[in-house]
Amino acid sequence: MGRYFHRPLMNVPPFSTHPHWITDGERFFAKYGAIGILIGRFFGPLRAVMPFVAGFLEMPTLKFLIIDLISALAWSPFYLLPGYFVGAKMPSLLPEDERISMMIQVGFIVLSIVIAWLVVRFVRERIHSHSMK
């Protein structure tokens, strides 16, 4: 879509309501190239626009597909396995006290959200600081 419909798609939500996603994605991709596709999968706004930007910047299709497949294989375990292992260990750690177990689980969730927020904030600041130079 990015290769063939770049201009018309910029007028369609979510790109029309968040045009900075495209410029941020272009800047990120121009700086990091193919590695940007791999890294971009781990950050929400970049994940949404990296394929579009790769097409717009005419990255070869096979190269994009290989990198995207590798990043997909890394992304799912990275996000799913920590929660699975924590959840699997909880009953054996605290089988009798469900309230403490629930508090620990909520703590892990809150901690995960805070860490994700900090990472996204850091990446946004880095992208914006490089765009100001």
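Me: What does the accessible surface of the protein come to?
Reply: The accessible surface of the protein is about 9,300 Å², and carbon and sulfur atoms account for 71% of that. Areas of this kind come from the Shrake-Rupley method with a 1.4 Å probe, and for residues only the protein chains shown count as cover.

Me: Where do the numbers come from?
Reply: This is a predicted model, in which local features need pLDDT of at least 70 and side-chain atom pairs count only at pLDDT 80 or more, while totals for chains, interfaces and linings use all residues. Residues are numbered from 1 along each chain as its sequence is written, and side-chain values use heavy atoms, with hydrogens and water left out.

Me: OK, how many helices and strands are there?
Reply: The protein has six helices and zero strands. Read from the N terminus, the order is α-α-α-α-α-α. Helices (H or I, at least four residues) and strands (E, at least two) are DSSP runs, numbered from the N terminus.

Me: How much of the protein is buried?
Reply: Of the 133 residues, 23% are buried. Buried means under 20% relative accessible area, exposed means over 50%, and partly exposed is in between (1.4 Å probe, protein chains only).

Me: Which residues have the most contacts inside the largest nonpolar core?
Reply: Phe29, Ile37, Leu46, Met50, Ala54 and Met59 do, in a core of 19 residues. A nonpolar core is a set of buried Ala, Val, Leu, Ile, Met, Phe, Trp, Tyr and Cys residues joined through side-chain atoms within 4.5 Å.

Me: And which helix gives the most to this core?
Reply: That is α4, with six residues. At least two residues each come from α2 (19-32), α4 (44-56), α5 (61-93) and α6 (98-131).

Me: What is alanine 54 in contact with?
Reply: Apart from neighbours within four places in sequence, alanine 54 is in contact with Phe29, Ile37, Met59 and Phe64. Contact means heavy atoms within 4.5 Å.

Me: Phenylalanine 64, then: buried or exposed?
Reply: Phenylalanine 64 counts as buried because its relative accessibility is 15%. Phenylalanine 64 is part of helix α5. With neighbours within four places in sequence left out, its contacts are Ile37, Pro51, Ala54 and Met59.

Me: Switching topic. At what angle do α1 and α4 pack?
Reply: Helix α1 (residues 2-9) packs against α4 at about 110°, and their axes are 7 Å apart. So α1 is roughly perpendicular to α4. Axes are lines fitted to C-alpha atoms, for helices over the stretch in contact, and angles run from 0 to 180 degrees between N-to-C directions. Angles under 35 degrees count as roughly parallel, over 145 as roughly antiparallel, 65 to 115 as roughly perpendicular and the rest as oblique.

Me: Which residues make that contact?
Reply: Gly2, Arg3, His6, Arg7 and Leu9 come from α1, and Phe52, Gly55 and Phe56 from α4.

Me: Last one: where is glycine 44 found?
Reply: Glycine 44 is in helix α4. Its relative accessible area is 32%, so glycine 44 is partly exposed. The C-alpha atoms of glycine 44 and valine 120 are separated by 8.2 Å, though these residues are 76 residues apart along the chain.
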